[in-house]
Amino acid sequence: MVSLARTIRSIRRVGLREWWHQMQYIGDAKSGRLVGKDQFGNRYFENLNPEEEVPGRHRWVDFSQHDYNATQVPPEWHSWLHHIRKDPPTEDRVVQNLSPPWKAPWVENLTGTRGAFKTYNTTRPKYEAWQPKITARG
């Protein structure tokens, strides 16, 4: 539960508008260091102060789109958010050097949208649906 003192402290640090945005989207008032942005415009934050944040919940993402989901986070940032990598991709030389020039840009999962992959069949069906035959009377 968020205390009144923590709420007031958070409003002072991030401002009223950003505090309201956080309460609407992540449900908690957080303040921390901006670590970087990705190609989608998502912002990534970190707060290492143990008095303010619970360990393991001190890294978070602020999505740029209103209808957000986890597939909008690129793999390099996902590994940083989940503590697989210590340094963020903006500061990690290994991640920067391992990105080959032929690598395609990250695309979110488009399932359930117009851009979703749909298969089509090019073979003739093994059976055909029954079509009634209409004959004239008499």
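**View 1. Glu 76 and its partner Lys 103.** In this predicted model, Glu 76 is partly exposed, with a relative accessible area of 23%. Its side chain forms a salt bridge with Lys 103, and the closest N and O atoms are 3.7 Å apart. Glu 76 sits in helix α3 and Lys 103 in the segment after α4, so this pair ties together parts that are 27 residues apart in sequence. Lys 103 is partly exposed too, with a relative accessible area of 43%.

**View 2. Arg 33 meets Glu 91.** Look for the salt bridge between these two side chains, with 3.4 Å from N to O. Arg 33 belongs to strand β1 (residues 33–37), while Glu 91 lies in the loop between α3 (75–81) and α4 (93–98), so the contact ties together parts that are 58 residues apart in sequence. Arg 33 counts as partly exposed at 42% relative accessibility, and Glu 91 counts as partly exposed at 43%.

**View 3. Arg 85 and Asp 92.** Here the closest N and O atoms of the salt bridge are 3.3 Å apart. Is Asp 92 buried or exposed? Asp 92 is buried, because its relative accessible area of 10% falls under the 20% cut-off. Arg 85, with 29%, is partly exposed.

**View 4. A network of shared partners.** Salt bridges that share partners join Arg 33, Glu 46, Arg 59 and Glu 91 into one network. Side chains of opposite charge can pair when their charged atoms come close. How many salt bridges are there in the model? The count comes to 9.

Terms used. Residues are numbered from 1 along each chain as its sequence is written. This is a predicted model: local features need pLDDT of at least 70, side-chain atom pairs count only at pLDDT 80 or more; totals for chains, interfaces and linings use all residues. Side-chain values use heavy atoms; hydrogens and water are left out. A salt bridge is a side-chain nitrogen of Lys or Arg within 4 Å of a carboxyl oxygen of Asp or Glu. Helices (H or I, at least four residues) and strands (E, at least two) are DSSP runs, numbered from the N terminus. Buried means under 20% relative accessible area, exposed over 50%, partly exposed in between (1.4 Å probe, protein chains only).
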